[in-house]
Amino acid sequence: MPNNPLPQAKPRELGFDEGRLSEIGPAMQRFVDERKVPNLITLLARHGKIAHFEARGVLDFDTEAPAPRDTLCRMFSNTKPIAGVATLILYERGILTPDDPVAKFLPEWSDLRVYSANEPMFPRRARRQMTVRDLLTNTTGLMNPAFAPSYFRTQYRETLEKLGWIDSQDNKRERLPNRERVRALAELPLNAHPGEQFVYHAGYPVLSAVLEEAAGQNLEQFFGENIFEPLKMNDTAFYLKEGSLPRFSAMYTPREVDSAMQLVEIEKAETSEKNVGPRVEFGSGGDAGGVLCTAGDYARFGQMLLNGGELDDVRILGRKTVDLMIGNHTGDMNIPMTGPGFHWGLGVATYHGRGNFPLIRSVGTYGWGGAAGTSYFADPKEGMLGVVLTQVTNHGAMPGNNYQETFQRIAYQSLA
């Protein structure tokens, strides 16, 4: 991979005010200096060329090793757009469609029942089958374990223990492979009929199993052969590649220490499962950290979509298939994580601008983020792509930690 993952151009040639654009670095540095984040890697491109690409901060507060531009980050739910592309590759090959029932690939999901608090012992039959589209759009009807009522936990205790959703009585249950977790999940009734409610992420472990059954490969192989290798995303994989540990960031979370919110390290690079294994977790929705990626690699993925499915004469998807991916698949359904103004596509959220005050982005801008503070956006109208990475879970709990909004604001305010 060259030093710049996309061609580079002077900001003014890409329609940016250079003075305004130069404010991104100092603004990001303030978040680092205030120890709201250990590092920030920011990349901004327009018309397929990089106008800004910088790294600030350190990989680990203990070692103070500087974070390079090719810092490797756990992408968590930033894996979801990649899963959307993988699904649509199989769609273009005629192997599946968004409206295929999950049971076509996973037979244990053929008899769906819906839990009723009024008749907890007699779940009702679901009005329709759960589909591949439901998995991608978070509309499966699956139960969110955090909100499961106590009698549900009692009635299905054995299955919930198997899934690790509640503590086992003997505390000896090991984590199951994803395919076994999905079989266990099918033993539980749904909380709502498919298509009725938005419950984030719940369907993505099931999607992982569907994709592996449909492709006849595990996701590490399928993503690698059909997305990462063709796009020359040379650093991207579910686990660390040989020799890349020195570029892998530690992970932090805010906690109250001495009556103040401070970052506390929750995972070192050396002892991370992403380094030491076992190398068995390939979560399409970001489970177990999702893929590891750099800002440059993710920019290549994002630019492929912004180009209508092609990059450097390599076509991953057709142009109209990309339109399908970023289109409205949830109608007027409320998306709690974004608030009004957004719909959910097949692995991304897209800004439609209705029902809320305008935001500083164009209608049609799409993207998503991850649990460790990673985020990306793509604006087809402006031909603009932004990536910002760090490694802080629950970063919003740190007061004033709005680096994502600050990065995007300065990017748009820099357009000439």
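**View 1. Arg 181 is a buried residue in this predicted model.** Its relative accessible area is 16%, where buried means under 20%, exposed over 50% and partly exposed in between (1.4 Å probe, protein chains only). Arg 181 sits in helix H7, residues 178-185; helices (H or I, at least four residues) and strands (E, at least two) are DSSP runs numbered from the N terminus. Leaving aside residues up to four places away in sequence, Arg 181 touches Leu 163, Arg 175, Leu 176 and Glu 281, a contact being heavy atoms within 4.5 Å.

Residues are numbered from 1 along each chain as its sequence is written, and side-chain values use heavy atoms, without hydrogens or water. As the model is predicted, local features need pLDDT of at least 70 and side-chain atom pairs count only at pLDDT 80 or more, while totals for chains, interfaces and linings use all residues.

**View 2. Helix H3 (residues 80-92) crosses helix H9 (residues 219-228).** Their axes come within 11 Å and cross at roughly 80°; axes are lines fitted to C-alpha atoms, for helices over the stretch in contact, with angles from 0 to 180 degrees between N-to-C directions. H3 and H9 are therefore roughly perpendicular, the term for angles of 65 to 115 degrees. On the H3 side, look for Ile 82, Ala 83, Val 85, Ala 86, Ile 89 and Leu 90, which meet Phe 222, Phe 223, Asn 226, Ile 227 and Phe 228 in H9.

**View 3. H3 is largely enclosed by the rest of the structure.** Of its 13 residues, 11 are buried, among them Lys 80, Pro 81 and Thr 87. Just after H3, Gly 94 takes a positive phi of about 80°.

**View 4. Trp 109 belongs to the largest nonpolar core.** This core has 89 residues, and those with the most contacts inside it are Val 85, Trp 109, Ile 227 and Phe 301. Such a core is a set of buried Ala, Val, Leu, Ile, Met, Phe, Trp, Tyr and Cys residues joined through side-chain atoms within 4.5 Å. Another core, of 29 residues, lies apart from it and includes Met 28, Val 392, Met 398 and Phe 407.

**View 5. The loop between helix H10 (273-276) and strand E8 (292-293) holds Pro 278.** A cis peptide bond joins Gly 277 and Pro 278, with omega of about 5°. Ala 288 lies in the loop between H10 and E8 too, and has a positive phi of about 55° although it is not a glycine. Ala 288 is partly exposed, at 38% relative accessible area.

Key:
Angles under 35 degrees count as roughly parallel, over 145 as roughly antiparallel, 65 to 115 as roughly perpendicular and the rest as oblique.
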